[in-house]
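Dear colleague,

I am handing over the structure below, and after it I set out what was found. Please read the notes with the model open beside you.

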Amino acid sequence: MNRRDFFRVVTASGATAAVTGCQRTAENILPLVVPNEQLVPGVAAWFATVCRECPAGCGVIAKNREGRVVKLEGNPDHPVSQGALCARGQAALQGLYHPDRFAGPLLRDGATLTPASWDAAQKVVADKIAALRSAGKGQAIALVTQLETSSLGALLDKWTQVLGTRPRVTFEPFGYEATRAANRATFGRDAIPHYAFEDAQVVLSFGADFLETWLSNVSYARAFARMHAFRDGRAGTFIHIEPRQSLTASNADAWVRNAPGTEGLLALAILRVMVDAGLADRRFAEVVTGINVKKAAADSDVPVETIRHVAEVFAHGKPGLAVGGGMAVTGTNATPTLVAINLLNLAAGNVGKTVRFGPDSGFGKVTPYAEVARLIQAMVRGEIEVLLLGSGVNPAYTLPGGLRFTDALKKVGLVVSFANQPDETTALAHVVLPDTHWLESWGDYAPREGVVGLMQPTTAPVRDSRPIGDTVLAMGRAVLGSEEGKGPLPWATLEQYLKVAWAPVVKDEWAAALRLGGVWKETAPVAVNARVAPVDAAPPTLEGDADGLTLLAYPSFRFYDGRGASRAWLQETPDTMTQAVWDPWVEIAVETAAKLGIAQGDVVRLTSPYGSIELPAYVSPTLHPRAVAVPIGHRYAPYHTPRYVTAPAGSRNPVALLGAAAESASGGPAYLGVRVRLAKTGARRPLAILQATHDQQGRELAQHVDLGAAREQALRGKPEHEEYFSMYPDQKYPGYRWGMAIDVDACVGCQACVVACQAENNVPIVGRAQAAYGRQLQWIRIERWAEGNPGHPTNLFLPMLCQHCEVAPCEPVCPVFAAYRTEEGLNGQVYNRCVGTRYCGNNCPYHVRRFNWFQYEFPAPLDVQLNPDVTVRQLGVMEKCTMCIQRIIAGKDHARDAKRAVRDGDILTACQQTCPTRAITFGNLKDAQSAMVRFAHSSRAYHVLEEIGTRPSVTYLKKVVREHA
Amino acid sequence: MSDSHATSPTFADVTRDVARTLAPPGNLYFGWMSVVALILTAGIVAWTGQIWWGMGMAGKRVPQMWAMYITSFVFWIGIGHAGTLISAILYLFRARWRTSIYRAAEAMTIFAVMTAGLFPLIHAGRMWFAYYLLPYPNQRDLWPNFRSPLVWDVFAISTYLSISTVFFIVGLVPDIAALRDVSSGWRRRIYAMLALGWEGADSQWRHYRRAYGLLASLATPLVLSVHSVVSWDFAMALVPGWHSTLFAPFFVDGAIFSGFAMVLILVLPMRHFFGLHTYIQEKHLDAMGKLILVTGLVLTYFYLCEIFTTLYSGDDIDKASLFWKVTKTYAWALWLMYFCNCVSPLILFWKAARTSPVVLYVVSILVLIGMWFERFNIIVPSLGHDFYPYTWGIFYPSPTDTMIVIGSFAWFFLLFLGFIRVMPSLSVVEVKETLPPPMKDKAHGSHH
Amino acid sequence: MGAKAGVGALGLVLLAILVFLAVSSWSRQPAGAKPSIQPIRFPHSVHVQTYKIDCQYCHSDARRSEYAGLPSVQRCMGCHRIAGAALPEVKKVADYYARGEPIPWVRVNKLPEFTYFPHKAHIRASVTCQTCHGPVETMMTFGAETGPRLTNDLLTLVGLRPAPPPLTMGWCLDCHRRQNATAGAHAPLDCVTCHH
Amino acid sequence: MAATTETLVGVFAHVDTTVRALEELWAKGYHDVTVYTPVPVHEIEEVLERDRPLSRVRLFTLLGGLTGIVSAFLLTIWTSLVWGLVTGGKYLQLAPEGIVGASLPPFFIIAFELMVLFGGIATVIGMVVLGRLPRFRPSRGFDPRFTNDRFGIAVHCAPERSTSVREILREAGAEDVRA
């Protein structure tokens, strides 16, 4: 029996586990026809695979219950994710169970796509290809896919060769072409190295948003936490240079706001200061002779002292690490800028230490944007007659407006899309051959040299879809007229090809490799020869009005290039900096807003030479006044509207404003390439912002301590604490007493915990209007508290969830004991007992209790994702964080099976499990040896609103602020 | 208004005048009834929608998980208090002027409590499980949480409703007997049933009088306790602006204040339309006016105390909450409340105002508005600006909760309008008691 | 005389409360579904009593999962390929197997969906199946009548048709408390253990 | 039981005449008397209550109130001991070492409310029982005027003494005397 059938049978049995409502009608229980060793109904089975929500390629494990995937977690054995997973990865389930997924192949019939059989749809494509081939026009066939580093890529390349088509184009909107070009120039190596953040003492980032989307955000966030966390009185330093206070910038010990496009100037100025101060090798003197620090300071809007200070801190950190990237570092000067950054790394002696060539990133295999642009030009000339677009590729949305992709596509006779849900490109396609979701697919993926993750189906296909590999093989054979097992394309399926390809690697260890999630080995750094030469990193040339504002179009950490946007979980997860959900916005500096009379929520029209978009304004006190910033990737899936949000007409995609030109040195796109004009439209569309204010009003919710003081306290211990006094006897805990420690210093505000919690605990989506009105349901939220100068604040990220107070204000007010304190120190919330008086919600000083204002729906098939261990709440009941009581029960159950007590680390809450920086620790407060208790007794420990006397079980650790970073 | 007894009515006059109020009503009455019924229907439709679609139909949110419904709940409970005060406390104090209004006031109490009692149900997210709050033996072995102020509410309000009703019915029995004996036909049969065979025999009166006195002495502490318990819904909570030991007396006083206003609102039209000027005289209005004035002044004192204790407490969060209430989004509601409750009753320092039905009516309406907003100001702004700045927010009423609150007034007036046409809205017996007893030998009776 | 009557009246009120107590505790609602017709007339008594098959031979997930599980059709056929192969009801099983279809059994014991009941923990604590499911081994048709209906109770009294015990919360709690008090067990009494 | 009694009813328009009649009857030793009044009249009660014990309604109130207090404490404490759930760090539980916890104050509120409730209901029950209510048939001496504006004295006496009674009532100023 093959795997897919096997899942299908189990799925049939799983269908009995109804999850919502309390129906009392007779229901059927379907037993398996054939028993299955791996899947026991009621017991989770875990399958390792690779996350394909972005090209970072994190290893994940999928939790399968009764044949249905219900939760994703980072694969703890995988070297990239190391057990963590970001918000986008967590939300991949919503792609799998997306209500808009195509039910099967589609063929265009006039204006609409109509369902067709696989045979018919494939035949249309195969016939066309065959016709072109026989006419000798193989070059009129083009295949564009997302980054496929391993077997699938190889198979597709083989396919293009066999059929004599154009070479495959690997299209990634964020391809890091300039980094490759700079490394080519400096090190003679066309590659993106591995950056060892964890080994650095000082990280100097020029716009590289490595905590959001840059290269491999989970892996780098974890490494960053290791480097930056306060441990034994020491902590690394992180300096970030960017015109906008991004999430990454707000995690920096020092954020330097520069004028857009001046990163290269600054890098060279820093190098100049280092050389002048004797902190760098003399051979760098020649490359910086032409650099005037004062002029660079004036051009970049950064004070000279700051440049000197940054240089000093960077030079003294041994080793340090300078990274550059992000969308502000694209455009006409991208390669010189990155060369300058390379020089900094060279000068500080970081290459080979923290900048490691050898374990090169898979991003090196991306086809440069310039070639994609050439393909589009060929389309415009009518040279392309068949265009095959793999899933994950949505050029109609992600290609710059200046390229006029949509017009070009109209010249193509047959556009074939393998996307499995509708997007801007499938709307223009002639044939849709839906690819399976990656959670349903075989495959492999190498995020970097030496690490190859194996992908396996973790569930039966939710909709009638086929792996792209299988489809092209079938079509290829049809074109060639060959049979399975024969000819140049003998493999029946991608699975077969994969197993053949892997046979020499894994030999007999196939099952073990599958279980582990892939094969990885240490890849030694490769020595590189550097070429030190002067570089001109003058600010980029920008198109558009000279007096316009520089447009910073940057990828949203929630949606990447728009791939994640169809996931409602991500839409409802707030952007940490603005705390806005659903709608995109244009970030406008206060100065600009005041000048133009723009208030927050005013709809503003942005016009560039290539188009215009309309977005509500977010007035930012931190943005550089010469810039406006718009996140990329905000789009709505059909089922979102009007169920959750009403989408205004017109484009809101900032990429549409960009020009087509590629940077000459690297062939990369210019996300920093245009100036835009702003105009008020007169309309208003207030943003759905969850946080009322970023000002703590002195309430010390998120606390911080200076590094010096933290060192002092770490040595001497915490100052004495006022003893708690009560007229009532203390509660006794016969068994465990659960608690949590959250390190505010480690939290980077990535929101992964929010989505993990949503997935684990069946938290519904409420939609834009409801969320804006304080009715969002997430059990955990990341608050951003800004301290100090509003224009240049220190941001503190505070994950706030139920504090499980020992003297909980919510409990005694409940008339029916729906809220009560368990014997294990949790605040229990019994949904079926709850009457909905909401008294507890009022009385909770933290306002972490959530109320089911309506009967929230889980549009099919999203309901299949629901965690069977957690009740789906009815309308009118209160809910809140349970500290994953279902995981606690499972953990205790396993411990009892092993006839022992629960040990530290046996139970991980969903938020803790997914946290890339390990900011959250759960454990038994009665176990003095547990990591949680050590945190709770740390000198940095405090409780939020301690003075109320609620005695929370959640302890926070103060953020450590570097006073002179 | 018959002028046959311009000086002092006789016992027979009283019986006749009261019986007259129960004559078949005219078009004006039915007109009002249908208006009220229509509004009530709209309220019921709104409630039905809320049950069907969920609590989200009302304007509640985080942080204002309580809003219009609890405001109205406290408002109506407060209204009820004046009735019990008049019927029980003033009875114990032998305040004879109460007799002409106490029946109407008592009915108002019961209907107000019946209205108030709806609101916890309307407010509950799953009202169909509201019975979980009752202590009844169940298969779950689970009882209510007697530490919860809401369970205290259940006990206090159900006791209050029961005792008020019992007190009311006990007071009605001799009156219905009197009506029975002057009416005929089906009315007589119904009254005969309700009168329980009351004859006014000495053996009945002696137990009746004793029981009535005992009920009055039970109702007196009860009326003080009920609003104290209601105030503890707030005072027991942590919310800044709620967590105050002042609340019990503050609420009780406010309750009586608003209750008297409602009594006037009900009694003045009754006096006008039924021509009861003989029984509800200027001195009655004057006494009511004085009570409103006094309770209003006491309330003003409590407002000042509230502000003073907050400012003096040194609690920054409390102070921030107060400052916000006084100056920000909801300031209009606060200042409206201060005007209605503190300033508008001051006109009653003038006797002319106290005896003018028009002035009294206007002041009463202002007081009711002010007292509704007092509860609103306690609930909505306090919650909107409490401990946690992340969730601070502004509450906007929705059509549903607005309609339900308006509907509750309709429900109350519907009950009252129905009552005055089927039951004696003036106490026959007690009014007779206040008259000089008929004496043949006038000199003989003079020492009373 | 009068006072006596009053005391009598108070007594009546108390009596009414007692009657209410008795009635409400008697009327514990059954948790099982209405009797329904199973696709195959499966006699537990024959399998358990005549052939001495252990409960967990068929309901093999009970010891490792939340659910007790039903035997796969293959497991049924393991015996029935030969045993009783000619019986009409067994032929139905064979037909399902031949078609590769699961048998659409009708659920009998169903707890509300807000209740998490793990069989595994109870098996580990050596709770017998009969404790909750009643003397299944004597039943020709399982769960044809569930819950404490009056007729059922009366029939039980005279030893006719035994009813499964009521799967109500109070009943669960009684057992947990009894086990903790007498057997030194650690049966949880935390609400959220079962309701989460 | 050969003796039959006759009921003579005197209808009075005034309180003082009624009192006069009563005093006369008392003086003559007629104590089996029912007085009907539209309102309770102090002067009449004074005569009637002279040799009667106080109404026993208050005994009902006391018993009811005490029952309320006791049952409230029983209910609250017993339910806590049955399942002593902890809320807000407060509890009252049955532990192996006895009753633990100190969460009693809220129970006084319940006790107070139940005291009033039970006391009030018991009072009414007392009134109903002692006042022989409800009465389904009018008593022999009742006249509908007695609930309006007339006072009545019904004297229950042996038939042979009716003349004397009639005389007394007339003397006192009865408007009408009937059998």
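In chain D, 48% of the 179 residues count as buried, where buried means that 20 or more other C-beta atoms, placed from the backbone, lie within 10 Å of the residue's own. This is a predicted model, in which local features need pLDDT of at least 70 and side-chain atom pairs count only at pLDDT 80 or more, while totals for chains, interfaces and linings use all residues. Residues are numbered from 1 along each chain as its sequence is written, and chains are lettered from A and ligands numbered from 1 in the order in which they are written.

Chain D has five helices and six strands, these being DSSP runs numbered from the N terminus (helices H or I, at least four residues; strands E, at least two). The radius of gyration of chain D, taken over C-alpha atoms, is 27 Å, well over the 16 Å that the globule rule (2.2 Å times the number of residues to the power 0.38) gives for 179 residues, so chain D is more spread out than a compact globule. Along its principal axes, the C-alpha trace of chain D spans about 80 × 35 × 30 Å.

Chain C, by contrast in its make-up, has ten helices and one strand, and buried residues account for 21% of its 196 residues.

In chain A, six strands close into a barrel with mixed pairing, in the order β21-β26-β23-β25-β24-β27, where two strands pair if DSSP finds at least two bridges between them. Within chain A, strands β24 (residues 602-608) and β27 (residues 675-684) pair in the antiparallel sense over five bridges, and the bridge partner of Val604(A) in β27(A) is Lys680(A).

Terms used
Buried ≥ 20, exposed ≤ 12 C-beta atoms within 10 Å, placed from the backbone.
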